[in-house]
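Please brief me on this structure. Keep it short and grouped by topic.

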Amino acid sequence: MANDTGLPFLHDAPASGFAPAIGEPVGLPFDNSYARLPERFYARLPPTPVAAPRLIKLNTALAAQLGLDAEALASPQGVAVLAGNRIAPGSEPISLAYAGHQFGNFVPQLGDGRAVLLGEIVGPDGLRRDLQLKGSGPTPFSRRGDGRAALGPVLREYIVSEAMAALGIPTTRSLAAVATGEPVMRETALPGAVLTRVASSHIRVGTFQFFAARGDAEALRLLADHVIARHYPDARGAAEPYRALFDRVIARQAELIARWMLVGFIHGVMNTDNCSIAGETIDYGPCAFMDAYNPETVFSSIDHGGRYAYGHQPRIAHWNLARFGETLLPLLAGDTDAALAIANESLGAFQARYAGALIDGMRRKLGLFTAEAGDGALAQDLLNAMAEGEADFTLTFRRLDPELDAGVLPLFKNPDAYDAWAARWRERLAREPQDTASHRAAMRSANPAYIPRNHRVEAALAAAVERDDLAPFEELLKVLALPFEDRAEFAAYAEPPPEDQRVCQTFCGT
Ligand code: AMP
Ligand code: MG
């Protein structure tokens, strides 16, 4: 049990000796850089096999992007790999160690309690990505959990992560969903499933916190060097590489959160263990998109205080980055005061970076090609009118038109407020050299028609879970794959929920 960290869980699992693959092996070109880090970074263990794997969905477009053979993945041998019943050659399954602040409280040991990293593959695009099974059975990090995932939350992550990708927002991806043929016990028995998740990496703020909490300076340096080599190679040449790393992580988070805010996305559980060092949206739990604009919107059933409300997300990201900075202090300078000064200076850049990304995005949403000092106030005043008039966030922007108000006016309970704002907007547009068609085209590529509206997501999940009917899930994916392209047959998907279908709460289902 003993190991060099004094913790009991790191070397418990067998280091090797998995059942050899039988039949045609599924060729996955693994190159596992994280598994080459010291053993205290993870626990080695295979996924736990499931009773009756059944492929629910394979993301063939993503498979192609990764250079994987979709047909092989969909074959019984491939599905066995995606279910965790078989270890593909070259795979070195590990569950990653990490810590994290959950709703502000520090937990020194979280870790992959229901996930294994199968390994990393370098795609034809030269990018290295993690292939991870989520819901793959208990691990040394499971605490009291069963290590499993229910089909509903797996499909929710599949839908929303793929929708985010189609919106152009950095995110983990979903390669496959496999039903396990086993029930998972939640409030009731639910069908179980395994998600194959693809990520630039699964390194989180909480990964750094895990080692910082243990005073493991050597591991922190190795982790930071790994992250620099993998995600921020240009930081290596900087005068102060670890400071450059911090600056780059801050910049990516600031830009990511701005992107969320610009589409009305609410993550729901912005704990530091759900904050990706690579700057991707990760760990889709009780996440949701806002319908009517209200910055106080909270969906998550576990977020009682509204800590992770839509409007709090930038502040929370900043808070999470401060926790990241604390872990880097020993790397930033020999002297703590000097290190703190460096970290605080870097952190000070977050607000401007975020605000810059937000206003750039808002200008695009408003069809503006140039920048004027009053643009921030113009955008804010529209949001204020939307909040007061309970206007749908997505539809308002989608229907904004340089000349016509007929589409957008009925969305506002306070049409006068909209009218007053629109007059100012048109004066602003008139000061730009571009013609109306250019403004229109720009706005149509910045303002999605289709987002994964909650009532649609819930309906797709219910059909799959309760009736084994995957048609609504498939259709929703088709709609969300082209979010900026109006398609008459899918017009209803652009609509906000009718009163009786409004979803006010989402559940992470763990
Ligand atoms: P999450 O809320 O999904 O970000 O998970 C927070 C922590 O709880 C992570 O360490 C997860 O691995 C762990 N966890 C969540 N669900 C389960 C489960 N069903 N079994 C074991 N661990 C879990
Ligand atoms: Mg998590």
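How far apart are the mean positions of the 48 positive and 61 negative charges of the protein? They are 1 Å apart. Lys and Arg count as positive and Asp and Glu as negative, while His and the chain ends are not counted. Each charge is placed at NZ of Lys, CZ of Arg, CG of Asp or CD of Glu.

This is a predicted model, in which local features need pLDDT of at least 70, side-chain atom pairs count only at pLDDT 80 or more, and totals for chains, interfaces and linings use all residues. Residues are numbered from 1 along each chain as its sequence is written, chains are lettered from A and ligands numbered from 1 in the order in which they are written, and side-chain values use heavy atoms, with hydrogens and water left out.

**Overall fold**

- The protein has 16 helices and twelve strands. These are DSSP runs numbered from the N terminus: helices are H or I with at least four residues, strands are E with at least two.
- The radius of gyration is 23 Å, close to the 24 Å that the globule rule gives for 510 residues, so the protein is as compact as a globular protein of that length. That radius is taken over C-alpha atoms, and the rule is 2.2 Å times the number of residues to the power 0.38.
- Along the principal axes, the C-alpha atoms fill a box of roughly 70 × 60 × 45 Å.
- Of the 510 residues, 56% are buried. Buried means under 20% relative accessible area, exposed over 50%, and partly exposed in between (1.4 Å probe, protein chains only).
- Among contacts with a separation of 6 or more, 71% join residues 24 or more positions apart. A contact means heavy atoms within 4.5 Å.

**Magnesium site**

- Asn274 (OD1) and Asp283 (OD) coordinate the magnesium ion (ligand 2) at 1.9 to 2.1 Å.
- Donors are N, O and S atoms within 2.8 Å of the metal (3.2 Å for Na, K and Ca). Water is not among the atoms, so sites may look incomplete.
- Both Asn274 and Asp283 are buried. For Asp283 the relative accessible area is 14%.
- Asp283 sits in the loop between strand S11 (265-266) and strand S12 (288-289). Its phi is positive, about 65 degrees, although Asp283 is not a glycine.

- Seven of the nine residues of helix H5 (residues 205-213) are buried, so H5 is largely enclosed by the rest of the structure.
- The buried residues are Val205, Gly206, Thr207, Phe208, Gln209, Phe210 and Phe211.
- They pack against strand S4 (100-102), strand S5 (105-107), H6 and helix H8 (313-332).
- Phe103 is in the loop between S4 and S5. Phe103 is partly exposed, at 25% relative accessibility. It is not a glycine, yet has a positive phi of about 50 degrees.

**His226 and Ser33**

- His226 belongs to helix H6 (residues 217-231). It is buried at 11% relative accessible area.
- Beyond four places in sequence, His226 touches Ser33, Tyr34, Leu37 and Ile203.
- Ser33 precedes strand S1 (42-44) and is buried, at 14% relative accessible area.
- Beyond four places in sequence, Ser33 touches Glu120, Arg128, His226 and Arg230.

**Two further buried residues**

- Leu66 lies in helix H1 (residues 60-66) and is buried at 2% relative accessibility.
- Outside four places in sequence, Leu66 contacts Ile121, Gly123, Pro124, Arg129, Leu175 and Val198.
- Leu66 and Ala199 are 133 residues apart along the chain, with C-alpha atoms separated by 11 Å.
- His439 lies in helix H14 (residues 436-446) and is buried, with a relative accessible area of 3%.
- Outside four places in sequence, His439 contacts Gly367, Phe369, Pro402, Leu429, Glu432 and Gln434.
- The C-alpha atoms of His439 and Pro402 are separated by 7.4 Å, across 37 residues of chain.
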